[in-house]
Amino acid sequence: MNECLLCERITMSKPSWKELVGIEIQPVICRECSKKFVRAEIIDRQSIVDEITCIYSYNEAMRNYLHQYKFLQDVILATVFSTELRQHLKGKLNVVPIPIHPQKKIERTFSHVDELLNYAGIPFFDILEKNNTTVMAEKTKIQRLEMQPLFSLKAGVVVKQESYTLVDDIYTTGTTVQHAATLLKSAGATKVDVVTLIRA
């Protein structure tokens, strides 16, 4: 007997043999809640970013999830999409989460992208620093284009001539990942891919 992390409905589903032996993880949300999320599976390319993969589309269910997870600080919800993240990041090298500004981290009490990766059991490199508290959604396209670099490398970080994978929760205009990818490539990265949970 399990309780859905989103609607708190009691589910009576029996674990499969794969879940019993640890090959798969038992779902943490019920089927009804799971059906509300719309798959995107979008793969795209841009000039700086070599490949962009977005797993889900943004809809009302996802908006409610993000609000409960990020702003109501319900950290356990990081487990909801851990299986999907593991699948899409399997075999990816040098996973780098998009960071939040230290002030935002104090306000929210945790870094939401870091926790998505932690709960998915994905090792990552915390090498970027956010330079300001800017929220992309509050800026016009012209303002985004005129912005100073959003990120810098942490002190002592050396970017190898290898492939890197940026991870973020949501992809809207692409400005955030473009800034991060530009920084990594200028520091020596040969390829930069992006994986996000949501495409707005």
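A residue counts as buried when its relative accessible area is under 20%, as exposed when that area is over 50%, and as partly exposed in between. The model used throughout is a predicted one.

**Exercise 1. Classify aspartate 193 as buried or exposed, and identify its salt-bridge partners.**

Step 1. The relative accessibility of aspartate 193 is 3%. The cut-off for a buried residue is under 20%, and aspartate 193 therefore counts as buried.

Step 2. One partner is lysine 92, with 3.1 Å between the closest N and O atoms. This pair connects distant parts of the chain, 101 residues apart: lysine 92 sits in the loop between helix H4 (82–89) and strand S5 (95–97), and aspartate 193 in strand S9 (residues 191–199). Lysine 92 has a relative accessible area of 25%, so this residue is partly exposed.

Step 3. Another partner is lysine 191, where the closest N and O atoms are 3.6 Å apart. At a relative accessible area of 35%, lysine 191 is partly exposed. Through shared partners, salt bridges join Glu51, Lys92, Lys191 and Asp193 into one network.

**Exercise 2. State how many salt bridges the model holds, and describe the one between lysine 185 and aspartate 50.**

Step 1. Side chains of opposite charge can pair when their charged atoms come close. The cut-off applied here is a side-chain nitrogen of Lys or Arg within 4 Å of a carboxyl oxygen of Asp or Glu. The count comes to 8 salt bridges.

Step 2. For lysine 185 and aspartate 50, the closest N and O atoms are 2.9 Å apart. The two residues are 135 residues apart in the chain: lysine 185 belongs to helix H8 (residues 175–186), and aspartate 50 to the loop between strand S3 (39–44) and strand S4 (51–57).

Step 3. Lysine 185 has 27% relative accessibility and is thus partly exposed. Aspartate 50, at 26%, is also classed as partly exposed.

**Exercise 3. Determine the geometry of the pairs phenylalanine 37 with tyrosine 56 and tyrosine 65 with phenylalanine 81.**

Step 1. A pair of aromatic rings is described by the distance of the centres and the angle of the planes. In the whole structure, 7 aromatic pairs are found.

Step 2. Phenylalanine 37 and tyrosine 56 have ring centres 6.3 Å apart and planes at 70°, so their arrangement is edge-to-face. Phenylalanine 37 is in the loop between H2 and S3 and tyrosine 56 is in strand S4, so the pair ties together parts 19 residues apart in sequence. Both phenylalanine 37 and tyrosine 56 are buried.

Step 3. For tyrosine 65 and phenylalanine 81, the ring centres are 5.0 Å apart and the planes stand at 80°, so this pair is edge-to-face. Tyrosine 65 lies in helix H3 (residues 60–71) and phenylalanine 81 in the loop between H3 and H4, with 16 residues of separation. Tyrosine 65 has a relative accessible area of 1% and is buried; phenylalanine 81, at 2%, is buried.

Step 4. One aromatic cluster is formed by Phe37, Tyr56, Tyr65, Tyr69, Phe81 and Phe110.

**Exercise 4. Describe the largest nonpolar core and the elements that build it.**

Step 1. In soluble globular proteins, nonpolar side chains tend to be buried together. The largest nonpolar core here contains 29 residues, and those with the most contacts inside it are Phe37, Tyr65, Phe81 and Leu89.

Step 2. Two or more residues each come from S4, H3, H4, helix H6 (112–120) and S9. H3 contributes the largest share of this core, 5 residues.

**Exercise 5. Characterise the second largest pocket by volume, lining and residue class.**

Step 1. The second largest pocket has about 370 Å³ of space. Its lining has 18 residues, of which Pro27, Ile29, Val80, Thr83 and Glu84 are the closest to the centre.

Step 2. Helix H2 (31–35) and H4 each supply at least two lining residues, and H4 provides the largest share, 4 residues.

Step 3. Sorted by class, the lining comprises 9 nonpolar, 6 polar and 3 charged residues.

**Exercise 6. Locate glutamine 87 and relate it to alanine 120.**

Step 1. Glutamine 87 is placed in helix H4. Its relative accessible area is 53%, so glutamine 87 is exposed.

Step 2. Glutamine 87 and alanine 120 are 33 residues apart in sequence, while their C-alpha atoms are 9.7 Å apart in space.

How values were computed
Residues are numbered from 1 along each chain as its sequence is written. Side-chain values use heavy atoms; hydrogens and water are left out. Buried means under 20% relative accessible area, exposed over 50%, partly exposed in between (1.4 Å probe, protein chains only). On a 1 Å grid over the protein atoms alone, a cavity is a set of points where a 1.4 Å probe fits but cannot get out, and a pocket is an open set with protein on both sides within 12 Å along at least five of seven lines; lining residues have an atom within 4 Å of a point. Grid points are joined across faces, edges and corners, and a volume is the space filled by probe spheres set on the points. Ala, Val, Leu, Ile, Met, Phe, Trp, Tyr, Cys and Pro count as nonpolar, Asp, Glu, Lys and Arg as charged, and the others, Gly among them, as polar. Rings of Phe, Tyr and Trp (its six-membered ring) pair if their centres lie within 6.5 Å; planes under 30 degrees apart count as stacked, over 60 as edge-to-face and the rest as tilted. A nonpolar core is a set of buried Ala, Val, Leu, Ile, Met, Phe, Trp, Tyr and Cys residues joined through side-chain atoms within 4.5 Å.
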